[in-house]
Amino acid sequence: MDAAKSTDALSPQNAGGSKQIQFSSSRAGSRAGSRAGSKADLRAGGSGSQRGSSVSLEKMSMSSRRIVAEDSQWNLAVVESLTAMCVRAIVEKFETRPLLAGLPSKYRARVLASISVDIPLLKVVAIVEDDAPLPAGTPARPGYWQRRCNAHFPDGQITRHNGSWKQMYCERTLERDLAAFIPGKGGEFELSQLARAVAPNVVQLDIVQMQPDANHSDPAERKAIDPNPDHFDPDILVSNLDQLKKVSLYYGVNDIGMKFQFWLYGMTTNDSILLSKGLKKARWSHLTLTRNWIDDAKVTQLCEGLKSHKFLVTLELDHNRIGDAGAKCLAGVLMSPNCAIQHLDLSNNQIGGLGAAHLAKALQTIGKAGRALASLTLRLNPLGNDGAFVIAYALNLVMPKPPMMSDTMPVSAPIADAPPVLGKLDLSATTMGPSSLEQCAELVARDAVGELDISCNAFASNDPDAIRPSEDGMNANGPVSTLSAAAQAERDRLVESLGKMVWTSVQSSRRIKNVDLRSTDLPTSVVDAVQSTMLQRATAI
């Protein structure tokens, strides 16, 4: 039976089956079959036997392992999608052919996240919008303008630019180019072109340097036919920047080193004429001209343009050389019907009692017309006791009197319904005396001002009626030592009475926010009590 089965398995009818059994057997069976096949081929002899042996070996090899083709050009990476190829092409050609319009939002974001921050501003400012604010809780991912600001202006403060990265970059770029611009050496067209391109995104400019013309000569020796202005013409800002509201100009040079010359600093007469012409067309709301050596002649020229300016709200002319004549011109500006100034800063100038009288008249005039300044700063001016007196007296005249009060009765009760005629008055370091302090105390008692700063004043020492010894050590009434003791006692009594007057006025007030009495000769107890009262009111608010 077994021999018959084996003979049937080797019969031609079962040849296919024998092959199937041979190739599906284990590795040991395959080797045995291979050896049997080899012996049969050797007995058969000839080249045909060898050929059959090789075919048999190839089949056995294929059954035992998997053949892997080797290709040096083979790449297992996923083929790049068509959209990714398009985004990459747009990024690579963005400088020559900028394209953003029509792109879906997700592909637009990819393009903006990949393009270079060194592309010329003129090519991107019109087509790349400002960075959208990220929702709360979203991971911080800088937009294009934020990346550009971080690369070119790492010291920038976005809070100074209304929280806009695009506005920050445009304003800082224009400020940098204006500071580097030298009139008379070309570049006017490029500067105007840049100003027009960034105009929709420029709201405020702080120009920290304005270089003189290329001639580098003393302006006092310049010829009248010289076409170059002493500094750049502000008409560049007025004509090209229609959204500009806040402007700060410094007519001087920074980092000059050993090339220092006095004529490099300060506004010249020609500069004041050019700025006055620009102010007649400008729509600025804030103008700062600090530390520009502006004297009475130059401020007179500026006032010609300020009288027709309907939009200026803040005017800062501090740390200049404006005197009484300049104060008179500024008073005329305040009284003009087109004036909209609410904040006027004239600190650290040369305004005396006469200039203060002109300003007091202006305050009285606009107060009767129903207008009021938000702040007036006159600190560090030599107003004297008379100048500070007329300022406070004019404000008291504007403030309505309480009902059933005659002109001869002292004022002590505030008017609850009347608004203050001045938001903040700063008369610190103006050599005030007792009479001017009395008028200021009346302002406090009547709530005629919202805040009052009269610090750094020696009121008793500036009393014009105080007894002072003569230079030779004797006085007509007796020896100096005797008069000094009497004067000291009189001064102490004056200081005590002034302190009580101020404290009474503070207690009578209801709405005043701050009264600054630091560095004065008033009693320390009064100063501390006033500061404590102001702090309590601020906390209650």
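Of the 541 residues of the chain, 40% count as buried, where buried means under 20% relative accessible area, exposed means over 50%, and partly exposed lies in between (1.4 Å probe, protein chains only). The model is predicted: local features need pLDDT of at least 70, side-chain atom pairs count only at pLDDT 80 or more, and totals for chains, interfaces and linings use all residues. Residues are numbered from 1 along each chain as its sequence is written, and side-chain values use heavy atoms, with hydrogens and water left out.

The chain contains 19 helices and eleven strands. Helices (H or I, at least four residues) and strands (E, at least two) are DSSP runs, numbered from the N terminus. Among contacts between residues at least 6 apart in sequence, 76% join residues at least 24 apart; contact means heavy atoms within 4.5 Å.

Strands of a sheet pair through backbone hydrogen bonds, either parallel or antiparallel. In this model, nine strands form an open sheet in the order 1-2-3-4-5-6-7-8-11, with parallel pairing. Two strands pair if DSSP finds at least two bridges between them. Strand 1 (204–207) and strand 11 (514–516) stand at the edges, each with a single partner strand, so one side of each has no neighbour in the sheet. From one strand to the next, the twist averages 5°.

The loop between strand 8 and strand 9 (474–475) holds Ser455. Ser455 has a relative accessible area of 6% and is therefore buried. Not counting residues up to four places away in sequence, Ser455 touches Ser428, Ala429, Asp516, Leu517, Arg518 and Thr520.

Two packed helices are described by the angle between their axes and the distance between the axes. The axes of helix 14 (residues 324–335) and helix 15 (residues 353–368) come within 8 Å and cross at roughly 5°. Axes are lines fitted to C-alpha atoms, for helices over the stretch in contact, and angles run from 0 to 180 degrees between N-to-C directions. Helix 14 is therefore roughly parallel to helix 15 (angles under 35 degrees count as roughly parallel, over 145 as roughly antiparallel, 65 to 115 as roughly perpendicular and the rest as oblique). The residues in contact include Asp324, Ala327 and Lys328 of helix 14 and Leu354, Gly355 and His358 of helix 15.

In helix 6 (residues 105–114), the buried residues are Tyr107, Val111 and Leu112. These cover an arc of only 140° around the axis, so they lie on the same side of helix 6; the arc is that of the directions from the helix axis to the C-beta atoms. Helix 5 (82–92) and helix 8 (144–152) are among the elements that cover these buried residues.

Thr96 is placed in the loop between helix 5 and helix 6. Thr96 counts as exposed, because its relative accessibility is 61%. The C-alpha atoms of Thr96 and Lys123 are separated by 8.7 Å, with the two residues 27 apart along the chain.
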